[in-house]
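Good morning, colleagues. Please take a moment to look at the sequence and the model on the screen.

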Amino acid sequence: MSTPNPYQNPQHDQYPQHDQYPQQGQYPQQQGFQAQQLGPKEERNLGMLSHIIPLAAMVLSAGFLGFVASLVVYLMYKDRGAFVANHAANSLNVQITMGIVMLVSLPLMLVLIGFVTFGLAIAIAAVLHIVGAVKASNGEAWNPPLTLRIVR
């Protein structure tokens, strides 16, 4: 007595034969993913969040996770509208500039000046994010001072 093979489909006749599948060019054309464009209010809110979320992450992690939050917001919303893309890029530029200052501050901590520059980097980034959030909430375009323009 043989046991049935669980990997064999006893109803294999229900599947189409090779020549019954659609040939090349017979498949319907699929459109690429299109990001839904946002209205002005949604763009202002997301522009504001592109500064608030990295600010909160930066405060909660002593400055280290703000970059990740800015990068995530930028990648998620850069194609949803020019206003959001501008504010998300500005947020990311603030975080990149702050990250560079923080990296330079680490070896300077051996001579104690690094503690001051590290704290100043976090404080300046926090102020820039707050100003950016207010500007975005008001619907104003804004380029933060004291930052490198790496992401556009």
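This is a predicted model: local features need pLDDT of at least 70, side-chain atom pairs count only at pLDDT 80 or more; totals for chains, interfaces and linings use all residues.

Residues are numbered from 1 along each chain as its sequence is written, and side-chain values use heavy atoms, with hydrogens and water left out.

Let us begin with helix 1. Helices here are DSSP runs of H or I with at least four residues, numbered from the N terminus. Helix 1 covers residues 40-60, and its 21 residues should span 30 Å at 1.5 Å a residue; the expected span is 1.5 Å times one less than the number of residues. Its end C-alpha atoms are 30 Å apart, which agrees.

Which residues of helix 1 are buried? They are Glu43, Leu46, Gly47, Ser50, His51, Pro54, Leu55, Ala57 and Met58. Buried means under 20% relative accessible area, exposed over 50%, and partly exposed in between, with a 1.4 Å probe and protein chains only. The cover over these buried residues includes helix 2 (66-77), helix 3 (82-108) and helix 4 (113-137). After helix 1 comes Ala62, with a positive phi near 60°.

I turn now to the helix pair. Helix 3 and helix 4 pack at about 175°, and their axes are 8 Å apart. Helix 3 is therefore roughly antiparallel to helix 4, a term for angles over 145 degrees. The axes are lines fitted to C-alpha atoms over the stretch in contact, with angles running from 0 to 180 degrees between N-to-C directions. Contact means heavy atoms within 4.5 Å. On the helix 3 side, the residues that meet helix 4 include Phe83, His87, Val94 and Leu108; on the helix 4 side, Ile113, Phe118, Leu128 and Lys135 are among them.

Leu112 lies in the loop between helix 3 and helix 4. Although not a glycine, Leu112 has a positive phi of about 70°, and it is exposed, with a relative accessible area of 60%.

Leu146, in the segment after helix 4, is likewise not a glycine and has a positive phi of about 65°. Its relative accessibility is 69%, so Leu146 counts as exposed.

Is Thr147 buried or exposed? Thr147 is buried, at 16% relative accessible area. A polar atom of its side chain lies 2.9 Å from the backbone oxygen of Pro144. Leaving aside residues up to four places away in sequence, Thr147 touches Asn93, Val94, Thr97 and Leu128.

Notes
Helices (H or I, at least four residues) and strands (E, at least two) are DSSP runs, numbered from the N terminus. Angles under 35 degrees count as roughly parallel, over 145 as roughly antiparallel, 65 to 115 as roughly perpendicular and the rest as oblique. A polar contact is a pair of N or O atoms within 3.5 Å; within protein, one must be able to donate a hydrogen and the other to accept it, and residues adjacent in sequence count only if both atoms are side-chain atoms.
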